[in-house]
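Visitor: I've got a chain to look at and I'd like to know what stands behind each label. Could you walk me through it?

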Amino acid sequence: MRLLLDTHAAIWAVAQSSLLPAHIKETINRSSSEVFVSSVTIFEIATKHKLKRSDSPPFSGNDAIGYFRALKFQLLPVTPQHAATVDILEQHHRDPFDRLLIAQAIAEPMYLISNDAMIALYDCPRIPWQ
């Protein structure tokens, strides 16, 4: 199963795995799972980490790359097809990072792992959080 981690899920997999539901951890750790982290997630981490707010990611974009590689997560670049797939999305979600992750999950296809309720409004392969 090909999985794409939303940014918060990727951060939690590295820094706060206790925040991931047991079935999500099991799915990520299953030997048959191919786990991907998008370059969109690296960009979001780098952008938000630089803000140094209390809710900013606990590591930089460069650190994230190393952590994700150490966990054997594959890094997914953004392709022109991913960017163009945003065209088919309704405007349910305003966050451009999440819209591009949804588009990637649709275009690849991959199951998007996220606890963001807005993602359920899209015809996007996903693993329910609950």
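Visitor: What makes up the chain in terms of helices and strands?

Guide: The chain has six helices and five strands. Helices here are DSSP runs of H or I with at least four residues, strands are runs of E with at least two, and both are numbered from the N terminus. Read from the N terminus, the order is β-α-α-β-α-α-β-α-α-β-β. Bear in mind that this is a predicted model, where local features need pLDDT of at least 70 and side-chain atom pairs count only at pLDDT 80 or more, while totals for chains, interfaces and linings use all residues. Residues are numbered from 1 along each chain as its sequence is written, and side-chain values use heavy atoms, with hydrogens and water left out.

Visitor: How do you know whether the radius of gyration agrees with a compact globule?

Guide: The rule is 2.2 Å times the number of residues to the power 0.38, with the radius taken over C-alpha atoms. For 130 residues that puts a compact globule near 14 Å, and the chain has 14 Å, so the two agree. Along its principal axes the C-alpha trace spans about 35 × 35 × 25 Å.

Visitor: Why is Ile11 called buried?

Guide: Buried means under 20% relative accessible area, exposed means over 50%, and partly exposed is in between, using a 1.4 Å probe and protein chains only. Ile11 has 11%, so it counts as buried. This residue lies in helix α1.

Visitor: What is Ile11 in contact with, beyond its sequence neighbours?

Guide: Contact means heavy atoms within 4.5 Å. Leaving aside neighbours within four places in sequence, Ile11 is in contact with Gln16, Ile45, Pro57, Pro58 and Phe59. Phe59 is 48 residues away in sequence, with a C-alpha to C-alpha distance of 8.7 Å. For the chain as a whole, among contacts between residues at least 6 apart in sequence, 62% join residues at least 24 apart.

Visitor: And Phe36, why does that one count as buried?

Guide: Its relative accessibility is 6%, so Phe36 is buried. Phe36 lies in strand β2. The C-alpha atoms of Phe36 and Leu3 are separated by 5.9 Å, though the two residues are 33 apart along the chain.

Visitor: What makes a set of residues a nonpolar core?

Guide: The members have to be buried Ala, Val, Leu, Ile, Met, Phe, Trp, Tyr or Cys residues, joined through side-chain atoms within 4.5 Å. The largest such core has 21 residues, of which Leu5, Leu20, Ile28, Phe68, Phe73 and Ile113 touch the most other members. At least two residues each come from β1 (2-5), α1 (7-15), α2 (22-29), β2 (34-38), α3 (39-51) and α4 (61-70). The most come from α1, with five residues. Apart from this core lies another, of 16 residues, among them Leu76, Leu89, Leu101 and Cys124. As a general background, nonpolar side chains tend to be buried together in soluble globular proteins.

Visitor: Which residues does Phe68 contact, leaving aside those within four places in sequence?

Guide: Phe68 is in contact with Ala10, Val14, Val37, Ile42, Ile45, Phe73 and Leu75.

Visitor: Why is Lys52 called exposed?

Guide: Lys52 has a relative accessible area of 68%, so it falls on the exposed side. Lys52 sits in the loop between α3 and α4. Its phi is positive, about 55°, although it is not a glycine.

Visitor: What makes Lys72 exposed?

Guide: Lys72 has 68% relative accessibility, so exposed is the label. Lys72 is in the loop between α4 and β3 (74-76), and this non-glycine residue has a positive phi of about 70°.

Visitor: Why is Gln91 labelled partly exposed?

Guide: The value for Gln91 is 46%, so partly exposed is the fitting term. Gln91 is found in the loop between α5 (80-85) and α6. Setting aside residues up to four places away, Gln91 touches Arg99 and Tyr122.

Visitor: Where is there a cis peptide bond?

Guide: A cis peptide bond joins Glu108 and Pro109, with omega about -20°. Pro109 is in the loop between α6 (96-107) and β4 (111-113).
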